[in-house]
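The sequence and structure are shown below.

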Amino acid sequence: MLDLFRPQSPESVQRLSGTVVVAVSRRREVTMTDDPEWADRITAGAEFLRSLLRGGATIYGVNTGYGEACTVPVPPGLVNELPVQLLRFLGCGMGEIFNAEETRAVMLSRLNSLAQGYLGVRHEVLDRLALFLNLDVLPHIPAEGSMGASGDLMPLSYLASTLIGEREVLFRGRVCPAAEALAALGVEPMELTPKEGLALINGTAVMTGLACLAWHSAEQLTCLASRLTALTVVSVRRPALAL
């Protein structure tokens with residue numbers, strides 16, 4: 001079991017190494033730290049956002065449209081619906097589906113980013129991502145989409161959608177609707193609060209997770225190539241065998 005996100009000081013949260021990402025991608029379980037200062041940071045971030053909304057503030061992507069529509073206000077009665085509609089709008093990825101290791105690396109990378117406490121998401125969102133990792137509920141994420149376009153928007157929308165019981169997951173050896181997997185676990189689909197949809201997708205977790213796996217593979221290949229080169233040099237320098 002890996003204890004994640006234990007702050008080194010009140011101002012910092014643990015940064016994960018590529019080695020840890022690889023370990024979790026290969027089924028090492030994670031647990032959220034019980035450090036009260038970290039928990040308070042997460043709670044404070046979510047409450048700060050709610051207080052702004054209660055005060056009538058205009059917040060991009062929370063009670064406004066996205067991109068060029070940022071000047072379009074969203075009526076108060078539709079603010080809670082906005083995160084869900086954003087995820088549905090972005091569900092147009094294509095190509096091959098990430099394998100289990102790739103998906104877990106992406107999930108951990110997004111969890112680590114959200115756990116810094118700066119994006120205004122609730123603790124429940126982090127707990128649900130950790131639960132999915134530990135129970136191997138893996139979102140079915142297409143590999144082709146908007147990578148790096150203000151975040152890995154399309155692929156991460158597939159991750160976020162499974163939290164609310166939409167789209168598909170790989171669960172217990174087969175692909176099934178996310179709602180079916182949640183029901184089998186006795187877990188209710190989440191209801192995202194304002195901004196949580198945007199916070200889940202607006203990041204580079206896909207590129208980061210895949211980069212960690214690629215770096216690890218490259219490191220292994222480098223070590224293998226060095227050893228093969230050394231063996232070749234040794235064999236070439238040996239005297240020829242007498243016939």
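Which residues in helix 4 meet which residues in helix 5?

## Helix 4 and helix 5

The model is predicted. From helix 4, Arg-104, Met-107, Leu-108, Leu-111 and Leu-114 meet Val-125, Leu-126, Leu-129, Ala-130, Phe-132 and Leu-133 of helix 5. Sorted by type, the residues of this contact are 10 nonpolar, no polar and 1 charged.

Two packed helices are described by the angle between their axes and the distance between the axes. Here the axes of helix 4 (residues 100-114) and helix 5 (residues 123-135) cross at roughly 160 degrees and come within 10 Å. Angles over 145 degrees count as roughly antiparallel, and helix 4 and helix 5 are therefore roughly antiparallel to each other. The crossing of helix 4 past helix 5 is left-handed.

Arg-122 lies in the loop between helix 4 and helix 5. Its relative accessibility is 17%, and because buried means under 20%, Arg-122 counts as buried.

The side chain of Arg-122 makes a polar contact of 2.8 Å with the side chain of Glu-196. Apart from neighbours within four places in sequence, the residues in contact with Arg-122 are Ile-42, Ala-46, Arg-50, Met-190, Glu-191, Leu-192, Thr-193 and Glu-196.

## Helix 1 and the residue after it

Helix 1 spans residues 18-25. Buried residues in helix 1 are Val-20, Val-21, Val-22, Val-24 and Ser-25. Arg-27, which follows helix 1, has a positive phi, near 85 degrees.

Note on methods. Residues are numbered from 1 along each chain as its sequence is written. This is a predicted model: local features need pLDDT of at least 70, side-chain atom pairs count only at pLDDT 80 or more; totals for chains, interfaces and linings use all residues. Side-chain values use heavy atoms; hydrogens and water are left out. Axes are lines fitted to C-alpha atoms, for helices over the stretch in contact, and angles run from 0 to 180 degrees between N-to-C directions. Helices (H or I, at least four residues) and strands (E, at least two) are DSSP runs, numbered from the N terminus. Angles under 35 degrees count as roughly parallel, over 145 as roughly antiparallel, 65 to 115 as roughly perpendicular and the rest as oblique. A crossing is left-handed if the near helix is turned anticlockwise from the far one by less than a right angle, and right-handed if clockwise. Contact means heavy atoms within 4.5 Å. Ala, Val, Leu, Ile, Met, Phe, Trp, Tyr, Cys and Pro count as nonpolar, Asp, Glu, Lys and Arg as charged, and the others, Gly among them, as polar. Buried means under 20% relative accessible area, exposed over 50%, partly exposed in between (1.4 Å probe, protein chains only). A polar contact is a pair of N or O atoms within 3.5 Å; within protein, one must be able to donate a hydrogen and the other to accept it, and residues adjacent in sequence count only if both atoms are side-chain atoms.
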